[in-house]
Amino acid sequence: MLNDAQRAIVKSTVPLLETGGETLTQHFYRIMLGEFSEVRPLFNQAHQASGDQPRALANSVLMYAKHIDRLEALGNLPAQIVHKHVSLQVKPEHYPIVGACLLRAIREVLGAEIATDAVIDAWGAAYQQLADLLIGAEEQTYAAIEAAPGGWRGERAFRVTRKQAESSVITSFYLSPVDGGPVIAHQPGQYIGLRLVLDGQEQRRNYSLSSVANGSELRISVKREPGGRVSEHLHDQVAVGDVLQLFPPAGNFVLRDGDKPLVLISGGVGITPTLAMLQAALETERAVHFIHCARDRASHAFRDTVDGLAARHPQLQRFYCYDQADAADQVDAVGLLDQQRLADWLPASRDLDAYFLGPKPFMAQVKRQLKALGVPEAQTYFEFFGPAAALN
């Protein structure tokens, strides 16, 4: 149990985390991934190499330390972590490993004079508080998914029934359960976890579900990432008839019910969850503005799909912005999605709901622009491809 004295010690470490948190978390990952092979599949090595994962953990630890006595102030962060853990099947037995490595990293990076026994004890109690919170919430989520019609726990075998190139870099995989049973009705915007073993090494990845639920199959649309071990394997090696192991859908970046005008903004492969949101929204009379940014026509996935929806649904307006375009591309703008273009494409009323997804710089820019244009921040929603981190 975390006591008041320990809580005060944890809060006092905030300045150290603000100046050296990333160094500490990098050391933490070196210890854990180097010595505990059982947790390696839970972490994307590309995010390790880029520094995204250490930065994300440093930000999360800092937020937790700052709000240790008011965890409700963390807002949506715990829910994001819970859903990410569920999608990758993090289990209670993983938490002691993470905790031991974190405390060891604190001692080794800060030194025994700063990271005294009292500091280590305080952080041990704080970590256990957080672990208990997450373990409890994750078990509730696992149980709810398992109990739902078509739900399951752990991995389930799905067969690739169709493989469709959507653009020069994105391919869709249609997946049906090998057992022939029903498939849980996922919410628009959610993602699945995928488990593969490549060259004897287990890999786990998340991929957004790019179509609305139909009770019988799932569709993921995967971008080929240069040097991406799993994405290249899926594009080049996985064929119709192959079987993949999937974890159940998760994620809290989902389309909420409402009657306000809906704006969906995506960049690149960020179109995958917003497409599912679009399909769901068009089942109602809700006005929708769909804005997609791509490098060029060849890399623009699902254009024909969205154009077809616009032709059938008068409440849908769609706008495309390409970095590069030819006259024949029939694009609405060329270059970056600047604030004036966004203002022109938004509904007249700023009392709207906006969802946006894409590369981090793109999302940071869209977030700033929406705020400047008067869209209420509480009515804007976003999520990251990679680990959770601050979006400034």
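Phe319 sits in strand β9, which covers residues 316-322 (helices, H or I of at least four residues, and strands, E of at least two, are DSSP runs numbered from the N terminus). The model is a predicted one, so local features need pLDDT of at least 70 and side-chain atom pairs count only at pLDDT 80 or more, while totals for chains, interfaces and linings use all residues. Residues are numbered from 1 along each chain as its sequence is written, and side-chain values use heavy atoms, with hydrogens and water left out.

With a relative accessible area of 13%, Phe319 is buried (buried means under 20% relative accessible area, exposed over 50%, and partly exposed in between, using a 1.4 Å probe and protein chains only). Not counting residues up to four places away in sequence, Phe319 touches His289, Phe290, Ile291, His292, Asp332 and Trp345 (contact means heavy atoms within 4.5 Å). Ala333 is 14 residues from Phe319 along the chain, and the C-alpha atoms of the two are separated by 8.3 Å.

Ile265 belongs to another strand, β7 (residues 262-267). Its relative accessible area is 0%, so Ile265 is buried.

Now for the cores. In soluble globular proteins, nonpolar side chains tend to be buried together. Here the largest nonpolar core has 64 residues, and those with the most contacts inside it are Met32, Trp123, Leu194, Leu234, Leu244 and Leu246 (a nonpolar core is a set of buried Ala, Val, Leu, Ile, Met, Phe, Trp, Tyr and Cys residues joined through side-chain atoms within 4.5 Å). Helix α7 (residues 117-147) gives the most to this core, putting in 11 residues. A second, separate core of 48 residues includes Leu255, Leu278, Leu316 and Ala333. Back with Leu234, its contacts, aside from neighbours within four places in sequence, are Lys163, Phe173, Leu194, Leu196, Tyr207, Val222 and Leu244.

Helix α2 (residues 14-35) packs against helix α6 (residues 95-110) at an angle of about 125°, and their axes are 8 Å apart (axes are lines fitted to C-alpha atoms, for helices over the stretch in contact, and angles run from 0 to 180 degrees between N-to-C directions). α2 and α6 are therefore oblique to each other (angles under 35 degrees count as roughly parallel, over 145 as roughly antiparallel, 65 to 115 as roughly perpendicular and the rest as oblique). Their crossing, that of α2 and α6, is right-handed (left-handed if the near helix is turned anticlockwise from the far one by less than a right angle, right-handed if clockwise). Residues making this contact include Phe28, Ile31 and Met32 of α2 and Leu102, Ala105 and Ile106 of α6. Sorted by class, the contact of α2 with α6 has 13 nonpolar, two polar and three charged residues (Ala, Val, Leu, Ile, Met, Phe, Trp, Tyr, Cys and Pro count as nonpolar, Asp, Glu, Lys and Arg as charged, and the others, Gly among them, as polar).

Helix α5 (residues 77-88) and α7 pack at about 55°, with axes 10 Å apart, which makes α5 oblique to α7. The crossing of α5 and α7 is right-handed. From α5 the contact uses Pro78, Ile81, Val82, His85 and Val86, and from α7 it uses Leu134, Ala137, Glu138, Thr141, Tyr142 and Ile145.

For helix α9 (residues 271-281) and helix α10 (residues 303-312), the angle is about 20° and the axes are 12 Å apart, so α9 is roughly parallel to α10. This pair, α9 and α10, has a left-handed crossing. Leu275, Leu278 and Gln279 of α9 meet Thr305, Val306 and Leu309 of α10, giving four nonpolar, two polar and no charged residues.

Finally, the backbone. Most residues other than glycine have a negative phi. Gln89, in the loop between α5 and α6, has a positive phi near 65° and counts as buried at 5% relative accessibility. Gln330, in the loop between β9 and β10 (333-334), has a positive phi near 50°, but counts as exposed at 64% relative accessibility.
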